[in-house]
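Here is a walk through one chain, taken a few side chains at a time. Keep the viewer open and follow along.

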Amino acid sequence: MKKNICFTTKVKKKVLPRSKILYLIKKYKTPMWIYNADIIIKQIKKLKKFDIIRFAQKSCSNIHILKLMKSYNIKVDAVSLGEIKRAFIAGFKSNNNDIVFTSDIIENKVLKVVIKNNIPVNAGSIDMLKKIGKISPKHPIWIRINPKFGDGHHIKTNTGGENSKHGIWNTDEALSVIKKYDLNLIGLHIHIGSGINEKNLYNICNSMKKYAIKINKKIKFISAGGGLNIPYRSRDKKINIDNYFKKWNETKKIISSILNCSIQLEIEPGRFLVGQSGILVAKVYSVKKMGQNIFVILNSGFNDLIRPILYGSYHKISVLHKNKKKIKNNTIIKSIIAGPLCESGDVFTLKKTGVIFHRKIPKVSPGDYIIIHDTGAYGSSMSSNYNSRPLIPEILYKKNKFKLIRRRQKIKEMLELETSV
């Protein structure tokens with residue numbers, strides 16, 4: 001068996017063999033994203049006890065990833081008109097609960113599509129309910145409840161409590177508007193943040209039970225939201241999915257019994273399904289010693305992967321030497337992994353405070369490659385054209401075959417948005 005790439009933290013993990021990554025580098029150049037479909041499928045199966053798995057596509061919105069989800073009977077959450085269109089292209093249908101639109105506002109162009117296709121709306125504001133109700137009485141509605149507490153791996157991913165813009169604070173007012181416009185309340189949704197601790201995952205159950213009983217309407221669905229963690233570091237604790245489901249299933253049964261109606265339990269993961277499936281492959285172009293610091297500068301920056309500079313997020317990093325002879329007995333260096341952008345903050349190894357975080361890696365030279373792991377979620381989907389750099393290709397690995405699922409953007413295509421007007 002061919003030797004796999006190992007993390008510099010000496011944590012063993014199965015990734016693509018060296019030869020296959022080098023093949024892709026030769027064919028598609030760097031930087032690029034690679035996803036392993038087998039990992040996505042494995043994560044899907046871990047959640048199979050839930051009645052409905054609804055993929056938060058904002059985490060990884062490539063149409064081919066959506067098609068993979070649909071082939072395993074996963075439904076989809078959309079938060080914009082663009083995401084609704086992506087879902088349609090991927091084969092998700094309207095009128096059958098395939099798609100739920102979630103937002104805190106609803107623009108006119110979105111409203112038209114939602115009404116035309118009878119797409120259920122997970123409403124995060126009273127104004128949103130009023131706007132839908134005035135035009136489309138009896139429209140299927142969820143209430144996204146702000147339970148007055150929140151959590152997340154970073155303050156910017158906290159989606160509950162009084163410091164969050166998300167969700168409806170006053171459910172009594174929401175019910176009044178729903179009654180006034182004869183909207184069809186079908187579900188209750190609570191999501192308090194991305195990357196939340198296990199204790200608060202269970203606290204959501206108690207909040208859902210409290211609000212469902214208070215609202216006292218016969219509903220069809222309750223949603224556990226998303227926010228499930230993945231182990232970015234070797235010491236990170238994995239969530240016990242069986243216990244999590246058991247707690248939520250008990251909550252569902254209690255609510256169903258009290259309201260005297262049949263209810264389906266949804267879960268809405270994003271990173272949990274795709275995060276561990278992705279890697280970002282970039283090329284080393286310069287190794288610079290600046291005083292006591294060694295900067296390893298890549299041809300990929302926060303225009304591709306913004307999570308480290310945005311959240312201080314940690315990603316495992318490994319080295320792929322171009323020359324195989326350098327693999328053995330290689331010197332370890334204390335380095336800062338940085339990108340090419342005209343920004344001092346264009347660094348992949350940062351703490352949550354924004355302070356530089358040195359990483360130990362095998363010594364590298366220009367022409368070697370750096371692999372940044374666990375980038376399948378909020379990697380490509382949050383990338384940009386900053387510094388007028390084109391979007392990079394995405395490749396899907398499935399059943400020992402590779403498929404280009406997004407080609408590299410051409411500079412000409414990027415500029416046409418301005419030159420064609």
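**Rings, a helix and charged pairs**

Tyr 397 is buried, with a relative accessible area of 10% (buried means under 20%, exposed over 50% and partly exposed in between, using a 1.4 Å probe and protein chains only). This is a predicted model, where local features need pLDDT of at least 70, side-chain atom pairs count only at pLDDT 80 or more, and totals for chains, interfaces and linings use all residues. Residues are numbered from 1 along each chain as its sequence is written, and side-chain values use heavy atoms, leaving out hydrogens and water.

Phe 402 is partly exposed at 25%. Tyr 23, Tyr 397 and Phe 402 make up one aromatic cluster. For aromatic pairs, the rings of Phe, Tyr and Trp (its six-membered ring) must have centres within 6.5 Å; planes under 30 degrees apart are stacked, over 60 edge-to-face, and the rest tilted. The count by this rule is 7 aromatic pairs. One of them joins Tyr 314 and Phe 357: the centres are 6.3 Å apart and the planes at 45 degrees, so the pair is tilted. Tyr 314 sits in the loop between H11 and E12, and Phe 357 in the loop between E13 and E14, so the pair ties together parts 43 residues apart in sequence. (Helices, H or I with at least four residues, and strands, E with at least two, are DSSP runs numbered from the N terminus.) Tyr 314 is buried at 12%, while Phe 357 is partly exposed at 23%. Over the face of Tyr 314 you will find Arg 233, at 3.9 Å from the ring centre; the rule asks for NZ of Lys or CZ of Arg within 6 Å of the centre and within 35 degrees of the ring normal.

Now turn to the charged pairs. Side chains of opposite charge can pair when their charged atoms come close. A salt bridge here is a side-chain nitrogen of Lys or Arg within 4 Å of a carboxyl oxygen of Asp or Glu, and the whole structure has 8 of them. In one, the closest N and O atoms of Lys 75 and Asp 98 are 3.3 Å apart. Lys 75 belongs to strand E3 and Asp 98 to the loop between H4 and E4, 23 residues apart. Lys 75 counts as buried at 16% relative accessibility, and Asp 98 counts as buried at 8%. Another salt bridge joins Lys 138 and Asp 182, at 2.4 Å between the closest N and O atoms. Here Lys 138 is exposed at 55%, whereas Asp 182 is partly exposed at 39%.
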